[in-house]
Every structure is written in structure tokens, then in C-alpha cells.
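Subject: Structure handover

Hello,

Here is the structure for you to take over. My notes follow below it.

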Amino acid sequence: MQIRTKTTIGVVAIGVITAIVGIVNKNKFVHVNEMPKSNIHVVILSGHGSIQDGKYQTQGKQSPTWEDGLKIYEGYSCKLLALDLSKKLNENHIDNTIINNYNTDLSLIDRANKINELFKVNKKIVGISLHHNAQPTNNADYTDFEGLKGFTSTSTGGATGIEVFTSVGKTESDNIADNYILPAMKRNMPNLHFRNNGKAKEQNFYILSKTKSPHILIEWLFMTTYTDCLIIADDYYRGAYVNSIVEGYILYNKSLN
Ligand SMILES: [Zn+2]
């Protein structure tokens with residue numbers, strides 16, 4: 001993945017966010033008695049397989065290679081986000097597990113079964129799936145050397161923005177998404193477009209309907225739109241996105257004290 005610059009601004013801005021939210025507190029290396037207890041256990045699912053033996057492990061689920069060489073593999077990008085999320089949750093004493101640590105893909109059935117197995121013995125489990133979005137590309141204005149299509153910007157028909165989903169019906173996932181994760185994302189990424197109408201959308205996605213623990217699924221920007229891909233690959237925005245999720249879980253965890 002091509003990572004864009006803005007490093008200095010990014011570091012400064014992430015520093016500000018961290019200061020406001022209190023992410024990464026000072027008591028990282030102290031006796032466990034001095035550490036806050038985690039009321040939740042976050043299970044993290046990064047959407048799709050990553051890259052192994054020089055090969056992307058999932059069919060589709062990628063951007064075209066754009067004119068400047070930028071290309072997003074959804075599984076690879078989301079794996080990096082998942083690892084960053086896990087590290088930051090650990091630093092903030094929020095228990096967590098990455099479900100698919102392996103770089104190969106895990107079927108939806110296996111993903112849900114694994115989470116349900118854990119939930120049997122740990123009722124603190126709350127799940128999160130990380131994905132990037134895509135739209136039909138029949139009318140796209142760009143085709144790469146492999147025939148993969150995309151939109152160069154929103155003005156040529158490219159979709160943009162963030163979607164957050166929870167399972168159908170009123171569940172704890174609505175509370176987590178609507179009162180913690182979505183507001184934190186809006187605070188930390190105010191200039192990005194939110195496709196949710198204030199609240200998380202409900203969908204019968206397999207992972208949402210088959211997991212017994214509360215689960216949310218985030219589609220963070222469109223791989224089929226070049227201008228969204230620039231943001232997906234941007235260190236500042238990747239940090240702000242992960243920090244938003246961490247911030248949301250810190251506040252949700254506190255609400256359960
Ligand atoms: Zn996906």
C-alpha cells in the first residue's frame with residue numbers, strides 16, 4: 001500500500017486527539033492492581049484474507065491499481081487496522097482478541113462460530129468487523145491494466161464515506177454504535193462523509209445475525225473511488241479512525257463501571 005505523507009500534521013493532530021480522549025494512559029507498566037479492569041472483551045475481525053507468499057488471499061475485495069500506482073487490498077489494509085486497534089486497546093487495558101490472526105481468509109461461518117465459541121465462556125465479548133466499501137463499477141470512468149474498474153472521484157459518480165451497521169432489531173450493538181463508536185468517529189474525522197443518518201444502519205449480514213454477542217460492522221470508505229483510496233492509505237486518517245474506535249470502547253467500557 002502506498003502511504004501518503006502529511007506525517008507532521010498527522011502526528012500533531014493524533015497527539016491532540018490523544019490528549020483530549022486520554023488514549024494510552026500513563027499506567028501502562030504498573031502492577032495489575034493499579035490497572036483499570038476491562039468490562040468488555042473486544043473481538044476484532046479484519047475483513048478478508050491478507051497477503052501471503054506474495055499473493056492476495058481473497059478474490060475481488062480490492063481497488064484497481066490507480067494511475068499513480070496506489071492500490072488498496074481490503075484484507076491487507078484491514079489487517080493492519082486490526083493490529084493497530086488491538087495494540088491500542090491493550091495499551092488502554094481493554095481486553096481484546098483478533099479472531100483471524102492468520103493471513104489466509106476465514107469463511108463467514110468460521111468467523112461467526114469462533115466468536116460464538118468464545119462468547120460461550122466469556123459474556124463480556126463485543127465484536128467489531130473492519131471492512132472497506134465498494135460500489136458497482138459498470139459505469140466507472142477508470143480501468144486499470146488488469147481490467148479492474150473504479151471512479152476517479154465523486155464528481156464522476158464515485159461513492160464516498162463511512163457506513164456503520166448493526167444487527168436488525170434493538171440490541172446492545174445499537175448502543176455501542178450509536179452512542180460511542182459513531183460519535184467518536186464524527187469527532188475525530190469531521191470532514192469525512194457519514195452515510196448513516198445519525199444512527200447505525202441495520203442489516204442482516206451473516207456476521208451480524210449469526211453472532212450471539214453484540215457485533216458492529218464498519219465499512220470505512222470506498223475502494224472503488226480513488227479519492228477515498230487516498231484517505232484509506234493516509235497515515236493520519238488511519239490513526240484517527242483507529243483512535244475513534246478505541247475512544248468509543250474506552251467510553252463504553254467506563255459506562256459499564
Ligand atoms: Zn469486506
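Predicted model: local features only at pLDDT ≥ 70, side-chain atom pairs only at ≥ 80, totals over all residues.

**The loop between β1 and β2**

Gly-49 sits in the loop between β1 and β2. Leaving aside residues up to four places away in sequence, Gly-49 touches Gln-57, Thr-58, Gly-75, Asn-103, Thr-104 and Asp-105. Asn-139 is another matter: 90 residues separate Gly-49 from Asn-139 in sequence, and their C-alpha atoms are 28 Å apart in space.

His-48 belongs to the loop between β1 (41-46) and β2 too. His-48 is not a glycine, yet its phi is positive, at about 75°. His-48 has 26 C-beta neighbours inside 10 Å and therefore counts as buried.

**The loop between β2 and β3**

Asp-53 lies in the loop between β2 (51-52) and β3 (55-56). Its phi is positive as well, about 50°, and Asp-53 is not a glycine either. Is Asp-53 buried or exposed? Asp-53 counts as exposed, because it has 7 C-beta neighbours inside 10 Å, and 12 or fewer is the cut-off for that class. I also checked Asp-53 against Asn-139. They are 86 residues apart along the chain, and 34 Å separates their C-alpha atoms.

**The loop between β7 and β8**

Ser-153 is placed in the loop between β7 (149-150) and β8 (162-166). Ser-153 has 14 C-beta neighbours inside 10 Å, so it counts as partly exposed. Its contacts, not counting residues up to four places away in sequence, are Gly-158, Thr-225, Tyr-226 and Thr-227. Asp-228 is 75 residues from Ser-153 in sequence, but the C-alpha to C-alpha distance is 8.0 Å.

**Helix packing: α4 with α7**

Take α4 (residues 172-188) and α7 (residues 235-255). Their axes come within 8 Å and cross at roughly 140°. The crossing of α4 past α7 is right-handed.

Which residues make the contact? From α4 come Ile-176, Tyr-180, Ile-181, Ala-184, Met-185 and Asn-188. From α7 come Ala-240, Asn-243, Ser-244, Ile-245, Glu-247, Gly-248, Leu-251 and Tyr-252. By class, the contact of α4 with α7 holds 9 nonpolar, 4 polar and 1 charged residues.

**Helix packing: α2 with α7**

Helix α2 (residues 74-91) also packs with α7. The angle is about 45°, and the axes are 10 Å apart. Angles under 35° count as roughly parallel, so α2 and α7 are oblique to each other. This crossing of α2 and α7 is right-handed.

On the α2 side, the contact is made by Leu-81, Asp-84, Leu-85, Lys-88 and Leu-89. On the α7 side, it is made by Arg-238, Val-242, Ile-245, Val-246 and Tyr-249. The residues of the contact of α2 with α7 divide into 7 nonpolar, no polar and 3 charged. Note Ile-245 of α7: it is listed in the contact with α4 and in the contact with α2.

**The chain as a whole**

How many helices and strands does the protein chain have? There are 7 helices and 10 strands. The radius of gyration is 18 Å, close to the 18 Å that the globule rule gives for 257 residues, so the chain is as compact as a globular protein of that length. Along the principal axes, the C-alpha atoms fill a box of roughly 55 × 40 × 40 Å. Buried residues account for 39% of the 257 residues. Among contacts with a separation of 6 or more, 79% are between residues 24 or more positions apart.

Over to you.

Conventions: Residues numbered from 1 in each chain as written. Helix = DSSP H or I, 4+ residues; strand = E, 2+ residues; numbered from the N terminus. Rg over C-alpha atoms; globule rule 2.2 N^0.38 Å. Buried ≥ 20, exposed ≤ 12 C-beta atoms within 10 Å, placed from the backbone. Contact = placed C-beta atoms within 7 Å. Axes fitted to C-alpha atoms, helices over the stretch in contact; angles between N-to-C directions. Left-handed = near helix turned anticlockwise from the far one by under 90°. Nonpolar A, V, L, I, M, F, W, Y, C, P; charged D, E, K, R; others polar. Parallel < 35°, antiparallel > 145°, perpendicular 65-115°, else oblique.
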